[in-house]
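I opened my notebook to record a few local features that I meant to look up in this structure. The entries follow the order in which I turned to them.

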Amino acid sequence: MTGAGKRWWNIGWLWLGIPLIGNAAAGHIAGLTLRYEHLRGLQYKVVWYELIDCRQWNGQPATVSIWAGCRRDVASRGRGIRFSPRTPVGMEDVTPLCGKLHSACNSSTAGTGGYGITRLHTEFVLNMDTIQPASCCWARIYAYAFSRNIPPVVNLQGVGAGLYTYIDINLCDTPTGKGPVWQAPEIPFFCVGDTVAYDPLIEDPDGDSLIFRLARPLSASYSGRPAPVWYAADYSAHSPLKYAGYPHPDRPPPQGFHFDSTTGRFVFIPTEAMVAQIAFDVEEYRDGRLLSVTRVDYQFWILDCDNRRPHVSGVNGKDVTRVSVCEESTICFDVYSWDEDTADSLTMWMEGDVPGASFVAYPPPAGYQRRRMEGPKGRFCWTPMEGTARPFPYRFSIWVRDDACPAYGERRQVFEVQVKPLPFVLHGVDFLRCDYYRLWSRLMRGDSPVFQTWWVYGGNSTDSPQTFYDDTVWLAFDVGRLWYSYRMSVTANGCVRDYADSFFVPKFPRVWIVPSDTEGCVQDTLRFGAKVQDVHPAHRFDWSTGDSLDSAYVVPRVGGWVVVRLLDSVSGCVAYDTAVYRVRGMPLVEGRPVDDTFRICAGDSVLFSGYPTGGVWYLWDTLRLQDSLWFAFSDGVYTFRYHYVDSVGCANADTIQLRAVPAPAVSVERYPPFACDAAVFELSGDVRDAAAVRWRSDGSGVFHDPTASTVQYYPSNADRERGGVGLTLVGEGYPPCGPDSADVWVRLYQGPRALFSADARAGCAPLAVVLSDRSVAGDTAITSRAWHVDDTVVWNTPVYRHVFVRPGFYSGSLVVQDAHGCGDTLTYADYFRTYPVPKAAFRVEPETAVWPRRRFWFYNESESVGASSSLSVWNFGDPALPGGGWDTGWDGQHRYDDTGSFRVGLWVKNRWGCIDSAFRTVRIAPGLQVYAPNAFSPDGKGPAVNERFRVSASGFTDFRLLIYDRWGQVIYRSNDYASHGWDGRVGGRAAPPDVYMWQVVLTDPAGGRRQVSGMVQLVR
């Protein structure tokens, strides 16, 4: 025995206990999976989930061992430390039964659901640095049970076969972080005939690459050595259960058994109730190095149930499940759910670790659609913070569960959110000479393509910035400004970040402002001069005041400063200086009317006074006056100013505004001076400069609003008997002005009375009716009439024919008028009704089938049929049946006995007797068949059929063949089925012996595309 081998045996055995659960039986393990988490050095935490069939558990715990060796393929002998699980950190009944039933895991009852699965969660820590042989790399952590739950499993040979799972860890390339995590460690349950798209949600928290490979389950003996478990009958790792298209797993969906090697997702339609054992390996890679291999072994339970699982949509109701967002940006989207079983109720929730994300499920809407129940709508929102970006996406699941009995149905949709990092750059400004600078940036984080934009601002914030598009900017600055600033926007991988900074342009010549500090009164004129040093005679001054000589002048309102810029025309350099000035405050003055009246009526006069005295009154820019003033005004706004100078020469003034309000003016003109007694009439007054208006009358009629300048008046019977009425409009003046008024007399006439009749009032659309005028004249004959029907106006016809096109209720009106302009209107609201004509429509599933599929379902989607007294008639266009085959149900289905095209018709009649029809054509096309050999040998020594690789196919119209090498390069292609065939040569040279991938794309006569792929081995 080698030294390394002796080290294995000297470690000894360590046993830990686990409580027993349930009654003893022949076996209990339905699934077992492990995962690891690196702690430090060669210390690892191991977590495993044990899935127990509660009907059969015999109290025997699974056994976990660790063994180290130099080759991974022999790491199966079971040497080192052996563990028996301690008390689980979690136990959960994961049986999908409705709340009315109890699973077999309920210790208080025998169980009413017929079965039960419990999940045990156990953890422990291993230190492997004492068992690693010198120069050896691989360690295996494995768990085994001596028998599976044998009665339900039907796809394995040998009753009571054991269960063996493992993790192989590369200790030389010590993996840090966590291994692959199985986020759905439970037995999946499905119904026969259900479309399964099951994702176990296995991902690596550290962003390592994962590859999934289907494998044969393993068993273990009492020595702990694994052995393959053979499949029963025609089952295999790639065909482990009965599904649509069995036993051909490569058939295109919806047939076949499809396993995604990049996600571990299963897609198939089960066709037989059974419990099937599934196993696959998860390989973990980092930078092309294999870090670990994890074996997953558990069961699919296919139940003979009629519950249809609910559905859950992708992002905003679409099929998209992967989105991206930049750090510090917000992403929100909605997820919808529905169920074809309209009696079910749905529950929606989210599972997954997305830090800071929110998910809210809103209740389903009130009411149901015809063939499905609308479930809850979920809203997912997330604003990832900076630092949350990583190379692999965040994954989470949205679950929807119904409340069907005995086994509820549930479905999940897996979503991925890729968080992209914000770019990060270093940036700065380099001084090159007095007026020449370089702005630079260096990208430290971010992916290509990278776009950078600079905006450079001068010292005056009103100037437009200069814009540049590069990582380095060379600038010759206008040194007349002291400070410059810039803003830079960096876009990388679609994410944007802004930076901003400023820099100072240094001085070279010297300049001083004289005086450097001074003071003065507000609005005095201050003079500043400039003294220079170290400057050439060719120079010039630029002042912040706008002056360009050696002096500058300021008329200040408040304290401030003056800046001079000296430009040396020889060197091109500049110098600056600043002088500060202070301002003494103005004296407080006040001017106002003596009686505090700032508002008068035009023509009045007012007396003004100023404080303090000693100043001068004057009318603004017009007339100089004394301290007090009497003055009469016309209407308008007048401005006065009181000016005062204090003892130190500082002056101030107060401005007074006076408003002279004009007197109101009111007039009323009525033309023509009459109105119709049967209707309200309207009067308008001309009102100017009035605060309010009001109307009064000498009659007993009523005003609609007597406070408006335009008024409506309703005459009384007394007004009509005396033949007219007098009205007065009063305009109230603004204070202090008084009111004004105007009078008018209005004569009243008797008008006509409108009447009409119709020959019909209801019918199916379009409905034609004839309307007849029956109106009665008043004081004079009727001179005009107008029909208003269905948004249509027709003039001066006593008989009018109208057609109502759209269904609904319609009103009709007749307007008549006599020679005086008096008129009347008769309106019948909802007088006519047009019944809707149904709109026949239906959809077909499928529209085109491929033989041997020959049954079609027809779903009635007609509109405006009505809830009762309706009739639907189908004709399936089947030449094998009398008249093509008839049916009177709302929806229909039919099976055809031959291929071809068939015209299907639908006739619908609603409860009002209105009829419509629709037609569609369905087609049954011949099926596609594809065969390809798995090896060929183009060496000229064997049969001719082995010299070329050819694919045999039938039932297609278009053909395309592609062959790839192991690096994904296309080495052969052909679109000609008759002449295709690869001779094993690439670029005129013989290709090396290897396994190559082929792909065939076919189009069937119905226009559907089929893609078939496989592997072929080149033998030489």
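Is aspartate 830 buried, exposed or partly exposed? I looked this up in what is a predicted model, and I noted aspartate 830 as partly exposed, because its relative accessible area is 47% and the exposed class begins only over 50%. I found aspartate 830 within strand β65, which covers residues 823-835, and I wrote down its positive phi of about 50°, although the residue is not a glycine.

Next I turned to the loop between β15 (226-228) and β16 (258-259), where serine 239 is found. Alanine 233 has its place in the loop between β15 and β16, and I recorded for alanine 233 a positive phi of about 50°, again without the residue being a glycine.

Why does serine 239 count as buried? I noted that serine 239 counts as buried because its relative accessibility is 3%, which falls under the 20% limit. Looking at its surroundings, I found a polar contact of 2.8 Å that joins the side chains of serine 239 and tyrosine 243. Leaving aside residues up to four places away in sequence, I listed Asp234, Tyr246 and Pro247 as the residues that serine 239 touches.

In that loop between β15 and β16 I also located proline 254, and I checked the peptide bond that joins proline 253 and proline 254, which is cis with an omega of about 10°. I then looked up proline 735 and proline 736, which are likewise joined by a cis peptide bond, with omega about 10°; proline 736 lies in the loop between β56 (724-733) and β57 (740-749).

My last entry concerns strands β77 (residues 958-964) and β78 (residues 970-974), which run antiparallel and are joined by 4 bridges. Which residue of β78 is the bridge partner of leucine 962? I found that leucine 962 is partnered by arginine 973. I described β77 and β78 as a hairpin with 5 residues between them, and in the turn I noted glycine 968, whose phi is positive at about 85°.

Terms used:
Residues are numbered from 1 along each chain as its sequence is written. This is a predicted model: local features need pLDDT of at least 70, side-chain atom pairs count only at pLDDT 80 or more; totals for chains, interfaces and linings use all residues. Side-chain values use heavy atoms; hydrogens and water are left out. Two strands pair if DSSP finds at least two bridges between them. Helices (H or I, at least four residues) and strands (E, at least two) are DSSP runs, numbered from the N terminus. Buried means under 20% relative accessible area, exposed over 50%, partly exposed in between (1.4 Å probe, protein chains only). A polar contact is a pair of N or O atoms within 3.5 Å; within protein, one must be able to donate a hydrogen and the other to accept it, and residues adjacent in sequence count only if both atoms are side-chain atoms. Contact means heavy atoms within 4.5 Å.
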